[in-house]
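Keep the sequence and the model open as you go.

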Amino acid sequence: MAEDNTSADEIAALHSNCSFAQLKLGQFHEALEDADKTIAAKNDWSKGYFRRGEAHFALRDYSSAAEDYAKASELAPEDATLKKRLALATEAMDGFYFRQLLPGRDICLAPANMVERQIFSSAEQMQNYIYLIGDARTRECVVIDAAWDVKGIRSVMAADNMKLVGAVVTHYHFDHVGGVPPPPFNALGIKVPGIFEIATEDRVKVYVNKTDAETVRTKCGLPAESLELLEDSAVVSIGSVKLHFIHTPGHTPGSQCIHVPRKDGDLLISGDTLFIGSCGRLDLPDCDAKAMFNSLQKKLASLPDSTRVYPGHDYGGPYTTIADEKTRGLLKNMTESHWLKMHHRF
């Protein structure tokens with residue numbers, strides 16, 4: 001009988017490759033078995049624990065996945081991928097998924113042509129924030145104010161193993177939804193990617209306040225059936241994560257904020273309603289200074305002081321709090337007449 005000269009390294013590599021293939025085929029239990037065989041053949045190789053972590057993660061056994069990624073990272077401390085996977089597993093154990101994306105930092109990084117170069121350059125100047133939020137256990141999320149680099153947004157979700165199940169619009173302006181920019185920028189003949197691509201290619205619902213809905217539909221060319229019209233105080237569940245919608249007219253008639261109650265501190269995605277120390281513009285055709293006063297003073301100021309506020313643009317930082325805005329911003333207690341004088345509305 002011929003002698004088997006197969007080494008432990010070769011056996012480990014074989015089962016590692018099989019585990020990877022099984023994972024790609026969606027055969028997660030089989031992937032786990034091959035990962036176990038990889039470790040049995042070579043228990044000091046980080047790849048075996050990584051493969052087992054990937055199988056556990058796919059099976060949504062996040063605690064075991066975290067243990068495997070931690071062991072793999074211990075064996076290969078310089079491997080940044082392992083550290084990221086460990087962070088994802090730890091996040092999944094908590095159950096809350098949240099990403100704040102900024103053009104030039106997280107997306108709009110590698111233009112494929114001159115048109116994309118112009119779009120990405122404009123995105124960096126506009127400093128829009130795009131948000132991903134959802135359930136880290138079920139791996140489902142929505143994108144808030146998807147614009148500028150839809151491919152880049154999808155890449156972030158793919159790297160995080162998240163599935164897109166919806167899109168949220170805080171208001172209809174092109175830098176938050178995509179489409180044709182207003183004059184004079186429309187002369188360039190460039191259409192900004194946004195929720196049209198999300199709705200038609202990813203085939204998910206677009207959640208928009210009913211007052212802005214028709215404007216969003218016509219400006220972006222969306223099929224009417226792709227829109228989910230929201231009232232004030234609407235609640236949308238993404239797995240165990242509940243998004244509470246607050247109608248905050250002022251910047252546009254249908255502006256809305258998204259309040260996410262959390263045991264460790266609430267979040268508010270404020271769009272262009274509330275910035276750090278300021279609010280969205282009130283000099284555009286659809287703006288209403290009195291409505292903005294009511295939105296800020298009667299709605300947002302009533303949220304818990306500890307609520308972190310994540311705005312629609314990077315105008316001074318990534319977030320503020322309701323307490324800070326009550327002290328130094330536009331949530332300070334003031335009269336309506338004082339507010340209207342501030343904005344030259346007598």
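**Exercise 1.** Is Cys 287 buried or exposed?

Solution. First, the basis. This is a predicted model, in which local features need pLDDT of at least 70, side-chain atom pairs count only at pLDDT 80 or more, and totals for chains, interfaces and linings use all residues. Residues are numbered from 1 along each chain as its sequence is written, and side-chain values use heavy atoms, with hydrogens and water left out.

Next, the cut-offs. Buried means under 20% relative accessible area, exposed over 50%, and partly exposed in between (1.4 Å probe, protein chains only).

Now apply them. Cys 287 has a relative accessible area of 16%, so this residue is buried. Cys 279 is buried too, at 12% relative accessibility.

**Exercise 2.** Find how many disulfides the model has.

Solution. Start with the bond. A disulfide covalently joins the sulfur atoms of two cysteines. The rule here asks for a pair of cysteine sulfur atoms within 2.5 Å. Check Cys 279: the closest cysteine sulfur is in Cys 287, 9.0 Å away, which is too far for a bond. Check Cys 287: its closest cysteine sulfur, in Cys 279, also lies 9.0 Å off. The count is 0 disulfides.
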